[in-house]
Amino acid sequence: MFKDEADFEKVVGRLNVDTEPNQAHRENLRRQMLSVFNQAEQEPSTRIIVFRTLRRLIMKSPITKIATAAAIIIAVSIGIHYLGGSIDGASVAWSQVVEQISSHTKYKCRQRVVREQGPQIPTMQVYHLNLQQRRQEVEDGTIHIIDMRGADAITVELYPADKKATVTKLIGFGPRKDPHITEMVKQFEQESTEKLGTKKVNGKILQGFRHKPTENSDFTVWVDPVTKLPVEIEIKHLNRGQTLFLDEFEFDFKLDPSAFSTDVPDGYEVKTVVQDYRPVEPKQISPEDLRTGLSHTAYTVEKLAWMEKLITMQITDPLMGMGKAYVIGIQSDDGNSIIIVQGDYYEEERMVWIPKEKLVMETPSGAKLYTHPNGSEYARLFLEGFAKANPEFFSMENLSEERFTRMIVMPDRTILSLSANKQMSDEKLQQIVESLKEIKAN
Amino acid sequence: MVGAMAKLVERTEDNDLVLRAKTQAEALGRLYEMYYERIFRFCVHRLFNKEIAEDVTSAVFLNVARGIRDFAGRSEQDFRYWLYAIAANQANAYIRRTSRRKKLLAEAAGSIRPAAAGSADMSFEPDWPRLYAAILRLKPQHQTIVTLRFFENFSYEQIAQILDAKEATLRVTLHRILNQLRNQLQTVFDGEI
């Protein structure tokens, strides 16, 4: 008998297991995987954008913002397609539940989020008319309507108490599917969906199923064995210390279609916000264009003696492949190409990782420069984006291995990114950051 | 020094590859080439049937293809841990179906070549089906630990990362697993499970 770990290791080491892969499988799987990757190209990024949009445009109050964040986590956790099947001996098979859910895209439910720490989140009733239209009635009286059917998605926030409304138009967003919780639940893999037995709620026996797609996510679904539809869904996000509860399900609810109208009722003061997702025509722009294009403070660079050329452009965001990024390109007298990037996606809330990176400089005015963990790749992407928009400014043939990226957090918390093709002295880095000036109206 | 620099460059390139694989099929294809064999080998060691291992390996990489855009990691190491975590979950999901255990056990007997003749330490030579039967009796998570530690030769630190566990806890758990295996090997007979 083996005595200890080392002994067991020897035993295993003597096993001669054939692990030679089959080349045909390897090649077929490669093709299949890349095909799946390409097919999924639109959907996941769309999903992220939808949630970003919801977060940014609908949930402006800190409280409701968190509610949306919970949904984001769900979406990210269940980014996998699974297969159906049957559970031996269960009164209800998961595949039957999936079948039932699939035939009910119109449903309402109550959504509650319980957090271990931090502010609690208001409860809301969520009505899904279909996979593209949703209405949310928040307990504070706010109503959200989301319509993603047309080429331009629309979201409406109604504040009945104040008679105020915010309408957000997502130009060129294109028809999208609402990231639906039941849509995600029905993708649970039969094989890894554990049967929990039954429980009694309000005199009704419910059949439980559990699915744990990751170490940090734990889904429990209780279904009515008669209708085979969900009655309660509980989603635990262990690493975030919060649990999302969905209950009071009503499938095929009755609600006047006007409840999903994006027309603001009479008597409301309307604020309209436009977000443009159409392809961007690369062009040189003025500082004023840059200021009006951003929803936060915009900065320009005051020309320094060592800067030979300075140009401000709008380009398609090289990271997203859609939407707009604003780039200030600088050519220095020592042959370096430096670009400073600004965009609405550089918002503090989404860049919480920056302060965890290495702080490399703090300028006298209080701007802080941090490293970027993939600085070399980001520099390549931005230089490439700029090279496509303005080949005279930079050619990818001159791409240097010294390239790097620094994230700049300005004293007012505005975030910019600086990428350079070659290394820069601290002195020049500091000078360039100190030369950033806020663009003010007129 | 040159070797260290080369390794550093290689690691940086791998990290860039992970970042690019979120949007570029070519980069994902390269990651696939880097990891296909390792994941397939892990699956064989975990399931001891090459056909089943192929199926599970397929499920792993198809999940990667669907999920890589949402993958939060940035480095090659993050990717590797994520990949093994998916593989471990997929293999566990497969094994969890008790109806397949017997099949796996039967397959195990046929998939092992005899140990090399004249091996040095022959103090303990269980036949493979018995050892595998004992391993199959462990909790799926514990089976994964055994595979990662003894078949894939991962360090405790690496296993801790893959399984999102504490290194110290892992050491204690593995000690218990080995005790459990030792006890089971004294009592398990072919066909018992």
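Reader: How many helices and strands does chain A have?

Author: This is a predicted model. Chain A has nine helices and 23 strands.

Reader: Why are A:Trp94, A:Val97, A:Val98 and A:Ile101 called buried?

Author: A buried residue has 20 or more other C-beta atoms within 10 Å of its own. These four are the buried residues of helix 5 (residues 94-102) of chain A, so each meets that cut-off.

Reader: How do you know which side of helix 5 of chain A they lie on, the same or opposite ones?

Author: Their arc around the axis is only 100 degrees, which puts them on the same side of helix 5 of chain A.

Reader: Which residues have the most contacts inside the largest nonpolar core?

Author: That core has 56 residues. B:Val56 is one of those with the most contacts inside it, and so are B:Cys43 and B:Leu47.

Reader: What is B:Val56 in contact with, leaving aside its neighbours within four places in sequence?

Author: B:Cys43, B:Leu47, B:Gln90, B:Ala91 and B:Tyr94. Contact means C-beta atoms within 7 Å, so each of these pairs falls inside that limit.

Author: A second, separate core has 37 residues, including A:Tyr346 and A:Val433.

Definitions and conventions. Residues are numbered from 1 along each chain as its sequence is written. Chains are lettered from A and ligands numbered from 1 in the order in which they are written. This is a predicted model: local features need pLDDT of at least 70, side-chain atom pairs count only at pLDDT 80 or more; totals for chains, interfaces and linings use all residues. Helices (H or I, at least four residues) and strands (E, at least two) are DSSP runs, numbered from the N terminus. A residue is buried if 20 or more other C-beta atoms lie within 10 Å of its own, exposed if 12 or fewer, and partly exposed in between; C-beta atoms are placed from the backbone. The arc is that of the directions from the helix axis to the C-beta atoms. A nonpolar core is a set of buried Ala, Val, Leu, Ile, Met, Phe, Trp, Tyr and Cys residues joined through C-beta atoms within 7 Å. Two residues are in contact if their C-beta atoms, placed from the backbone, lie within 7 Å.
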